[in-house]
Amino acid sequence: MRSLSRSRLLWGAILLCAAVAALLPWWLSAYILGILTVAYYFGVFAMAWDLLFGFAGEVNFGPTFLIGLGAYGAAILDANFGQPIFVCVIAGALVALVGGLLLALPALRLRGPYFGLVTLVAVLLLQNFIVIFAHITGGEIGMTVPDVLSADANANYWYALAFLFVCTIILFGLSRSAVGLILQASGQDAIAAQALGFNVTKHKVAAFCVSAVFSGMAGAMLVFYEGAASVDTVINLSIAVQVIIAAVLGGRRTIIGAVLGSIFLILANEFLRPLGQLNTFVVAAVALAVILFFPDGFLGYALRGRQRE
Amino acid sequence: MLGLQIIVDGFAISSLYALGAVGFTLIFGVSGVLNLAHGGIMVVAALVGWYCAGELGFGTYLGTLAGVAAGLALALATYGIVVRPIQRSRAIPSAETEIFVLTGTLLWGIMIEQGMAYLFSDNPVTIRPLIGGVMNVFGVRTPRNEVMIAALCWIVIGLLWLLVNRTRAGKVLLAASINPRGLTLLGFELSRVYVLVWSIYGVLAGIAGVLLASFLGVGSANTGPLTASAFSIVVLGGLGSVSGTLIAAYVVGYLETLTAYLIAPTLRPIPALILLVLAIYIRPQGILGRR
Amino acid sequence: MRTALQLPQLARPTIAAMAFAALAMLAPSARAADSGPIKIGIIGEQSAIAGASLTKAAQLAGDEINAAGGLDGRKVEIITYDDHSSAAEAVRAFQRAVHQDHVVAVIGSYISEVALALEPWSARLHMPFITPGAASTDISKHVHDEYEKYKYTFHGWLTSAFIAQSICDFEHDVMVGKFHMKTTVIMSEDAAWTTPLDARYLECLPKAGLQVLDHIRFNPDTTDFTPIFNQIEAKHPDVITTGISHVGVQPTVQWHDQQVPIAMVGQSSQATTSSFWKDTNGATEGVVTATGAAPGVAITPKTLPFTEAYVKRFGVSPAYCGYSSYDDVYVIVDAIKRAGSTDPDKLVAAMEQTNYVGTIGTVKFYGRNDLYTHAIEYGPGLITGVVIQWQDGKQRQIWPENAADATVKFPAFVKLRQASAK
């Protein structure tokens, strides 16, 4: 009974937040809306990561491999073949899916640090490819796409919010479903789960695919918001780390926590902007402090606190 | 002629790779940590060395020593501030410690990179060559500095071998890498062993950083690629195996050089990365690693 | 069981909502003013050797204008942004400049890829935008091809085509004319600005008297130039014609350390600032590069006062984009004055009529019917750039020859007339 009312309350809370967020453009300046727009896309990155880590127990050190594939896949399609935006986004998601599968299938066989290393290497490979094929991808500095979702800050904000809302519903719903429970079991204790008869590998691959599709889509959407794709904003290791930190900050294995973590992180980045070059330093330092002293994150800390009662 | 050029050129760069990667694999072998701030330690050593040599006017020799000292200090700081607290933290479940250490060192590496970029900007700096001029090596015109760097790398690696195999402290290190529990049963304090290995690592990375600055130039933007190249080599050679790392360093170094000379300079990093991917899929423990 | 347990659940999202609302109170809602300070946004690459001059020189211009009373009493406010050499960050900075800081114009970047990323945003947001350092011919081609859409963009530096032409002219006069050289190899980084540069090189170098033996484009990420220099040396050219901007310290230092016996001539953006001598530990001795102006040589009456004021304030001489960035602030302010308003369309129309004597020549923009619409006009009396050589720690002007203040000399390891050694 309690878990039912708990989940109803959680869903209610999500709806309430969405409603409040949708009304924000009437209060906030176009600039802050722009920041929130990026934060919302980041939220999807982080949720996709949390699904894989929190639920399948696999640490993906290269979420930006999937994000980057989606972003550049969509960007190249748009710049060279002029397809409409939503076709490019779907294409980006597909490219990320294929890339994710190519990575996941062999990598999930490995244990220990090797999986994490493989994901890191994937990011490096992608980065190198982007730089080497600079005439198609714009290299290190980036490429522009001719189409954007909108030039209006409000419209962009609502697109991002709607996208975040839909992704949250799907991913959170997945985490609460039977499949999610199996994933959680495989993540926490793979041997026991297998003993119970579940095909752990199949479920992990599925989790990887879901993570890939959402990361790729969000990456593509981000490109069509900014009108540009570059290594620094969708592939770089510091972006990967920010995604992981956002999820950890919000609370591992909560999905919703990842959104909170992202919003907090992006806003923090912004408020620290006057520091100039030092702002990444400070954010990384804060993130390190969180890892050292506060590893359960906001939501995780609160939820665990309540469990002890 | 071209062949000799490739051999000479490849040798120097491979030796530098070897020096950088050996420290990395030592840390993993003995303390089980993959230090993703590795590039940061090399870069700090290079930048501090350049700063002391040029701006503070210490001259090249003293500046170089200052750089190595900075590498040592930073490595110990990495252990004390990042790695040890996470390993000892009770808030983190023990199954996730490795992941948190990796993330922690990654963050620390980012802090180092940004801090350096702030202090020194991200432009590459070069340390004046310890010996100027060129000399003739098998008919190839080579800067004397390059020859000296290759020689220095091997002297240091040789000293390391002596340390590990001939001294008592070295044998303790070897033991720790094989069976830490057994070592504690014999009465050795593991924490002292860890401090020792991180110190050795700091000196190795520091020397590598300073030599790289003298040979090719180093900037804060190199932090990521240096870490990446070190762990590519280490994974290829086998995590924890020093001889495997040495072999892999030369494989990677020569692959890159051959690509740059025979195919195109643009495609230089690709074959090594492809080899790494193949290795991970076909033989994840690397050339000489233990599973 | 008790509602107290369920409260924390609801509390969090409610707090979050309240936090958003609080943010709203803090968020400024100012609109662009027709009185009050004239805000100009400067997007630069503050950690790059060449890019750092951009923002500093603009700051200098702004302060000078204000010291002289501003524009009809209105102060000029220079707002700077660092894009960390990334197109997407530059776009974010541009959006911030327009939506948050309400600038009237943006001066941005010396990197062509970044300028090309900002150009569509300048079109979408109707924000006048001028780049003081990028070189790609595509910037002005877009304006020519779709004028009504892209007219807000101006190209405040020589296009790659003209840079290449001026270097060809230099090589014809000096490398062929004085040193009787016959062959060259082109060495350039793989970037947007070098594509038209190299195309023009391939066309005009033979006409200047130099046969092109090879054309090498390298990855801007390259750190080890040994294979590239060896490849060039194997062809035995008399001179290397360069096009580098993203790299500078490493190829120059390695050229010197390896004692590559071939002269390096062309465009090396990092070599245009005085700190380059220190950055390379003197290895840049003998390197020749095109730039806006040389220290100590007055192209216009404004050149030397600017250079002196810049050196006095910042300790190093300006890179090539510093000169144009400084001029561009004045050009914008001048256009606002003539237009009598900061309205984007009126400002653009006024900028098209620019005829301003700056620090490196007279600034005029090509018109709608010219091929490079809104690029600065190239030619004697307008802007041509100069060619300098590093000698004994200083940049000395060696071309145009009538304004040269030093003779060309190369380090001892450079062997002139390679071809004669064959």
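Reply: Let us begin with contacts, bearing in mind that this is a predicted model. Once neighbours within four places in sequence are left aside, B:Leu16 is in contact with B:Ile149, B:Cys153, B:Ala208, B:Leu211, B:Leu212 and B:Phe215.

Me: Which residues touch the most other members of the largest nonpolar core?

Reply: That core holds 344 residues, and B:Leu16 and C:Ile40 are the ones that touch the most other members. Its largest share, 21 residues, is supplied by helix H2 (residues 30-56) of chain A. From chain C, the core takes at least three residues from each of domain 1 (38-159 + 301-363) and domain 2 (161-295 + 385-421).

Me: How should I read burial, and why does C:Val249 count as buried?

Reply: Burial is read from a count of neighbours, and a residue is called buried if 20 or more other C-beta atoms lie within 10 Å of its own. C:Val249 has 22 C-beta neighbours inside 10 Å, and therefore it counts as buried. This residue lies in helix H10 (residues 249-257) of chain C.

Me: Which residues does C:Val249 touch, not counting residues up to four places away in sequence?

Reply: From chain B, C:Val249 touches B:Asn123, B:Pro124, B:Thr126 and B:Gly217, while from chain C it touches C:Gln270, C:Asp279 and C:Thr280. C:Thr280 is 31 residues from C:Val249 along the chain, and the C-alpha atoms of the two are separated by 5.8 Å.

Me: Where is A:Leu288 placed, and is A:Leu288 buried or exposed?

Reply: A:Leu288 belongs to helix H14 (residues 278-293) of chain A, and it is buried because 23 other C-beta atoms lie within 10 Å. Leaving aside neighbours within four places in sequence, its contacts are B:Val82, B:Gly104, B:Leu107 and B:Trp108. The C-alpha atoms of A:Leu288 and A:Thr119, which are 169 residues apart along the chain, are separated by 21 Å.

Me: How many helices and strands does chain C have, and what does its radius of gyration tell me?

Reply: Chain C comes to 14 helices and 14 strands. A compact globule of 422 residues would have a radius of gyration near 22 Å, and the 24 Å of chain C agrees with that. The C-alpha trace of chain C spans about 95 × 60 × 45 Å along its principal axes, and buried residues make up 59% of the chain's 422 residues. Of the contacts in chain C between residues at least 6 apart in sequence, 70% join residues at least 24 apart.

Conventions: Residues are numbered from 1 along each chain as its sequence is written. Chains are lettered from A and ligands numbered from 1 in the order in which they are written. This is a predicted model: local features need pLDDT of at least 70, side-chain atom pairs count only at pLDDT 80 or more; totals for chains, interfaces and linings use all residues. Helices (H or I, at least four residues) and strands (E, at least two) are DSSP runs, numbered from the N terminus. A residue is buried if 20 or more other C-beta atoms lie within 10 Å of its own, exposed if 12 or fewer, and partly exposed in between; C-beta atoms are placed from the backbone. Two residues are in contact if their C-beta atoms, placed from the backbone, lie within 7 Å. A nonpolar core is a set of buried Ala, Val, Leu, Ile, Met, Phe, Trp, Tyr and Cys residues joined through C-beta atoms within 7 Å. Domain bounds come from an automatic or database domain assignment. The radius of gyration is taken over C-alpha atoms; the globule rule is 2.2 Å times the number of residues to the power 0.38.
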